[in-house]
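Visitor: I'm new to this one. Could you walk me through it and tell me how you know what you say?
Guide: Happy to, let's have a look.

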Amino acid sequence: MTIQTFGVIGAGQMGNGIAQVAAMSGLDVIMNDISEAFVQRGLSTITKNLGRAVAKGKLATDEKEVILGRIKTSLDLKDMAAADFVVEAATEREDLKFKIFADLDGICSPGTILSSNTSSIPIGRIAAQTGRPDKVIGMHFMNPVPVMKLVELIRGFVTSDHTLNITKAFVEKIGKTPI
């Protein structure tokens, strides 16, 4: 499975960091949230982070613009239909995550892997909201995402080996270490 377009639900501290590292690795990113103010705040944070990297000589100005050009903002969850892989990084509320995953199940193609950045809700409970529990996995990034290398992978009871292997490869592609 080739992942070219990566969807991120939530543009807050974790979501914008995840979107940044994905875009820096060459992926097209759809960063979604519930309001224009939230997505613009997330994009502003990414822009500031990349600006600091330019100031330190770690990134060229033209590279910064290319990275920013890979990030599309979205207010409509239906935009996730274009994603090959989606991570949810919304507020840590079970009811909210359940609704997002139920909605994503109907929006995304059947082959799309759905992951959650949750740190407290069992992946099996989230996966049960979908018709594809074998393609649901926990992908818990450490904060701050652009700096921390580890990403904890959490299987549900029915998460397939295929899903786990694709997720491991994806995490490595974006420069992180899966554990």
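Guide: Keep in mind that this is a predicted model. Let's start with Leu164: setting aside neighbours within four places in sequence, Leu164 is in contact with Ile137, Leu153 and Arg155.

Visitor: What makes Leu164 and Ile137 a contact?
Guide: Contact calls for heavy atoms within 4.5 Å, and Leu164 and Ile137 pass that test.

Visitor: Why is Leu164 called buried?
Guide: Buried means under 20% relative accessible area. Leu164 has 13%, so it counts as buried. Leu164 sits in helix α6, residues 161–173.

Visitor: And where does Ile137 point from β6?
Guide: Ile137, Met139 and Phe141 point one way from β6, while Val136, Gly138 and His140 point the other way. In a regular strand, side chains alternate between the two faces of the sheet. Six of the six residues of β6 are buried.

Visitor: How do you know that β6 pairs with β5 and β7?
Guide: A pair of strands needs at least two bridges. Three bridges join β5 to β6, and these run parallel; five join β6 to β7, and these run antiparallel. Ser116 stands opposite Gly138 in β6, and Leu153 in β7 is the bridge partner of Met139.

Visitor: Why is Phe6 called buried?
Guide: Phe6 has 0% relative accessibility, so it falls under the 20% cut-off. Phe85, also at 0%, counts as buried by that cut-off.

Visitor: What makes Phe6 and Phe170 tilted?
Guide: Their planes are at 35°, between the 30 and 60 degree limits, so the pair is tilted; the ring centres are 4.8 Å apart. Phe170 lies in helix α6, so this pair ties together parts 164 residues apart in sequence. Phe170 is buried, with a relative accessible area of 2%. Phe6, Phe85 and Phe170 form one aromatic cluster.

Note on methods. Residues are numbered from 1 along each chain as its sequence is written. This is a predicted model: local features need pLDDT of at least 70, side-chain atom pairs count only at pLDDT 80 or more; totals for chains, interfaces and linings use all residues. Side-chain values use heavy atoms; hydrogens and water are left out. Buried means under 20% relative accessible area, exposed over 50%, partly exposed in between (1.4 Å probe, protein chains only). Helices (H or I, at least four residues) and strands (E, at least two) are DSSP runs, numbered from the N terminus. Rings of Phe, Tyr and Trp (its six-membered ring) pair if their centres lie within 6.5 Å; planes under 30 degrees apart count as stacked, over 60 as edge-to-face and the rest as tilted.
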